[in-house]
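User: I'd like to go through this one with you, beginning with the ligand and then moving on to the helices. Could you take a look?

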Amino acid sequence: MSEPLLKIQNLQVSATRSSAKLPVVDGASLSIERGERVALVGESGSGKSVTCFSAMGLLPESLQVTDGSIRYQGSELTALGAEKLRRLRGPEIAMIYQEPLTSLNPLLTIGAQLKEAAGRAKAGRREILEMLDRVGFADPPRILRQRPHELSGGMRQRVMIAMALVGRPKLLLADEPTTALDVTIQSQVLKLMYDLSYDLDTAVLIVSHDLSVVRKLADTVHVMYAGQVVESGPVKEVLATPRHPYTQALLDSAPHMGDTRDRLESIPGIVPTPDQWDQGCRFRSRCPLATEQCEQRPPKVEEDDRASMCWHIDRLVARQQEAAV
Ligand SMILES: Nc1ncnc2c1ncn2[C@@H]1O[C@H](COP(=O)(O)OP(=O)(O)O)[C@@H](O)[C@H]1O
Ligand SMILES: [Mg+2]
């Protein structure tokens, strides 16, 4: 098989705190094929955004990639200089954020901002108007003259999507793109992202703490916990028969669409902070299946296109079967 569009392997990102380096993402791996929609899900603080920003080369100064590799179409991004990375952003890799107001310039018209985004990708006015039409604006020329504060939250998010996609990037990174929106608008925006990704053959990496978002948009899911990817596989299979107790716990506490809590309070216990991480399974203090064995480094169990870092998959599956009868 040819090289995936994006391949993150064994990524470690560390924060510098009073001269010590503490990993906040610790051995995360995932890959994205052309046109594939991949979700990164997990509670707040698990390292989803940091993983996503690493792929954009947009880490803040306090964070550094300290191990592992990020390859985009075969070239190593962690080795690219700032200028080359900047040139990839926009035309090749685009990003949308949770709160469009902070990423749109309040002083400039939508037209001016779209023009800049389009220019970087060598797209013109026709492509801009077409894209505004695609994202559902009835009167694109009018939107061009407006400023961000004149639009609703949902409209601003659609402008962000238009800006990100006007250059037809190969990869769209979307960090909690619908968390700030109300339920009905959330569904519309997700459907729009899904359709556009399909039509433009744009791969999507969506970051979310909400399984219903993942279910709606993604083909493949990676579940992150305490800086690691603890389970991965096709969305339908992972959500139907999870192979990691953490995924099971997320499902059992599943917030419904539109729930904007950033922390799922119903999973008992607390997420260990990076200074508490050890070589054992990081979920063990909250896990109903944990045994002494879980103090050892967790295994990487791979079968077909599914993977899990759990010693007790058999017991988890047995429980699921019991619950089903
Ligand atoms: N700029 C930063 N400097 C230092 N630590 C950070 C920074 N941003 C995030 N972190 C830490 O990295 C970890 C993962 O954060 P993040 O990726 O934002 O989580 P998520 O997106 O899953 O909620 C957290 O422990 C957070 O405190
Ligand atoms: Mg985040």
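**Ligand shell and helix packing**

Analyst: In this predicted model, H1 supplies the largest share of the shell around ligand 1, namely 3 residues.

User: How many residues surround ligand 1, and which are the closest?

Analyst: Ligand 1 is surrounded by 14 residues, and the closest are Gly45, Lys48, Ser49, Val50 and Ser62.

User: And by class, what does the shell around ligand 1 have?

Analyst: Sorted by class, the shell has 6 polar, 5 nonpolar and 3 charged residues.

User: Which polar backbone atoms sit by an oxygen atom of ligand 1, say for Val50?

Analyst: A polar backbone atom of Val50 is 2.8 Å from an oxygen atom of ligand 1. For Gly47, a polar backbone atom is 3.0 Å from an oxygen atom of the ligand, and for Ser46 a backbone N or O atom lies 3.2 Å from a ligand oxygen.

User: How much of ligand 1's accessible area does the protein cover?

Analyst: On its own, ligand 1 has 560 Å² of accessible area, and the protein covers 68% of that.

User: Which elements give two or more residues to that shell?

Analyst: Those are strand E1, which spans 6-17, and helix H1, which spans 48-56.

User: Switching to the helices: at what angle do H4 and H7 pack?

Analyst: Helix H4 (residues 110-120) packs with helix H7 (residues 153-165) at about 25°, and their axes are 8 Å apart. Angles under 35 degrees count as roughly parallel, and H4 and H7 are therefore roughly parallel to each other.

User: Is the crossing of H4 and H7 left-handed or right-handed?

Analyst: H4 passes H7 in a right-handed crossing.

User: What about H7 and H8, how do they pack?

Analyst: H7 and helix H8, the latter covering residues 183-200, pack at an angle of about 15° with axes 10 Å apart. That angle makes H7 roughly parallel to H8, and the crossing of H7 and H8 is right-handed.

How values were computed
Residues are numbered from 1 along each chain as its sequence is written. Chains are lettered from A and ligands numbered from 1 in the order in which they are written. This is a predicted model: local features need pLDDT of at least 70, side-chain atom pairs count only at pLDDT 80 or more; totals for chains, interfaces and linings use all residues. Side-chain values use heavy atoms; hydrogens and water are left out. A residue is near a molecule or strand if one of its heavy atoms lies within 4 Å of it. A polar contact is a pair of N or O atoms within 3.5 Å; within protein, one must be able to donate a hydrogen and the other to accept it, and residues adjacent in sequence count only if both atoms are side-chain atoms. Accessible areas come from the Shrake-Rupley method with a 1.4 Å probe; for residues, only the protein chains shown count as cover. Helices (H or I, at least four residues) and strands (E, at least two) are DSSP runs, numbered from the N terminus. Ala, Val, Leu, Ile, Met, Phe, Trp, Tyr, Cys and Pro count as nonpolar, Asp, Glu, Lys and Arg as charged, and the others, Gly among them, as polar. Axes are lines fitted to C-alpha atoms, for helices over the stretch in contact, and angles run from 0 to 180 degrees between N-to-C directions. Angles under 35 degrees count as roughly parallel, over 145 as roughly antiparallel, 65 to 115 as roughly perpendicular and the rest as oblique. A crossing is left-handed if the near helix is turned anticlockwise from the far one by less than a right angle, and right-handed if clockwise.
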